[in-house]
Amino acid sequence: MNAPAPAVHISLHSYLKQIEGVIKRSFAEHIWVVAELSEFNIRNGGTCWFTLIESADGKEIAKCSAVMFGSVSNVQLRAFEQVTGSKPQPGMKVMLKVCATLHPQYGFQLQVYGIDPNYTLGEMHAKVEQILAKLKEEGIHDRQKTLSAPTGFWRIAVVSPDQAAGLGDFRREADLLERHGLVSFHYYTATFQGEKAPESIKQAFLQLYDAHGQAPYDVVCLIRGGGAKADMAWLNHYGLAKLICRLPIPVFTGIGHERDETVLDLVAHTRFDTPSKVIGSILRHLQLESEELGRSIELARQLIDQTLSREETCLVSLHGQYQNLSQQRLSNETLSLAELGHCYRRGVDELLNRHERQVTLWQAQAQSIVRESLQSASDRLHNYQERYLAQLPAAVAEEEQCLGNLLTQYTYLAERRAADAAQELMQARQALSLQLDARLAEEQRCVDSLASQYLLAVQGSLQQEEASLQRYKDLHAVLDPRAIMAKGFALVKRQDGQTIRSALEINTGELLSIRFLDGDVSVVTLE
């Protein structure tokens, strides 16, 4: 059986060379192409290898490799870095001047003859504007700006790359503050470059927010410092910017570039150029707070001294008034008691005199009655004698007996009446004496009660004033400048005793005195 004749064919190399020729003829002109860098490498001799991609709706729709030889890259990369601040990096959108090539051995690729740095820079700015516009639509772009500025710095959260140069500058001052117990810093490490940077920073913010719920932070410092300028592109992330906008804690940024801003700088509460300026602002606030505290302490000390002097004067005056009032009241009560005693004695004397006069009157009446009875009896006896003189002696004896009986009765009645009067007089004297003793005892108890009340009032007032003085003494102890110095503060004065409140007031070569808690030190300023 005969084998079929072989079909007309050419080699792969020949075929690819034909395609190479077609490409050279059809795409001989250079053209500007926009793409995103997926990979970028610089090899020996300065040759740059690119992997370019294009995406739509999150899907990759085109991809190819490109090369820029060292003779071109040395000039183009230098210009690119001068404008953007860094070499091309994965994730950047670039505009390249290219020409299509096909090599039978290495395949299809684009040869790069130029790279436009202004397009990449514009893309960075455009991305920032798009993020800001979206945040404005949601109404949260300025939420950080509306937060109140921290009134004090006691707990500060710091988000930074590990071992960053800017972090070292920041911690030189921060560690000094923390050693003296003025501020507590809590550090959260995150990646600030590469595709994982936004998510890493988000996780750091979520961790510090959880800690904020247990012990609130006064401010969050987002610092980087150093690094390539193009690394800032990784910080222009919508999700990260939105998280900072919604954070209820003021955010201070110190990304590390003076002219260029990231979207995080624009939405943060306060933006600083470098980490050193962030910690410098905190130091200035603490210095102002320290000066204000010093003035407040001095004012409080003056007020305390004035209050103590005024209260001491008032206490002395009140003590004198209480003594005068007590003495005056006791004197008045003593005089009143003496007058009452005199009145009672006079009343008793008058009552006794009246009863004595009454007894005397009764005695006179009894004597008069007796005399009248005796006279009457004598008259009757005389009549009897005249009338019955002739009668029998029995009748005379009977009359004499009757007369004796009458005399005995009248004498008994007179004595009984005199005894009753004397007994009534004695009872009246005893009753008046008991009433006088009871009234005197009651008045004495009243005087003793008033004296006790005045004494308690004076003691209570003195105790209140002593408690008030103790409170002022405790307040003075709390606001004593020496207590402030015990926390690490010092007082700087000139030789004439004038207090220095700012470094601008110090002259070079000036002799100063620094007062610490445990003593004074004399220093000479050098610059």
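So, what covers the buried residues of helix 5? Before I get there: this is a predicted model, where local features need pLDDT of at least 70, side-chain atom pairs count only at pLDDT 80 or more, and totals for chains, interfaces and linings use all residues. Residues are numbered from 1 along each chain as its sequence is written, and side-chain values use heavy atoms, with hydrogens and water left out.

Okay, helix 5, residues 197-214. Helices here are DSSP runs of H or I, at least four residues, and strands are runs of E, at least two, numbered from the N terminus. Buried (under 20% relative accessible area, 1.4 Å probe, protein chains only) are A197, P198, S200, I201, A204, F205, L208 and H212. They sit on the same side of helix 5, because their arc around the axis is only 165°, taken from the directions from the helix axis to the C-beta atoms. On the face turned away you get D210, G213 and Q214, which are exposed, meaning over 50%.

Back to the cover: it includes strand 6 (155-160), strand 7 (184-189), strand 8 (219-223), helix 6 (238-246) and strand 9 (251-254). Contact means heavy atoms within 4.5 Å.

Now take helix 6. Its axis comes within 9 Å of the helix 5 axis, crossing at roughly 20°; axes are lines fitted to C-alpha atoms over the stretch in contact, with angles from 0 to 180 degrees between N-to-C directions. The two helices are therefore roughly parallel, the label for angles under 35 degrees. From helix 5, P198, I201, K202, F205 and L206 meet G239, L240, L243 and I244 of helix 6.

Notes: The expected span of a helix is 1.5 Å times one less than its number of residues. Angles under 35 degrees count as roughly parallel, over 145 as roughly antiparallel, 65 to 115 as roughly perpendicular and the rest as oblique.
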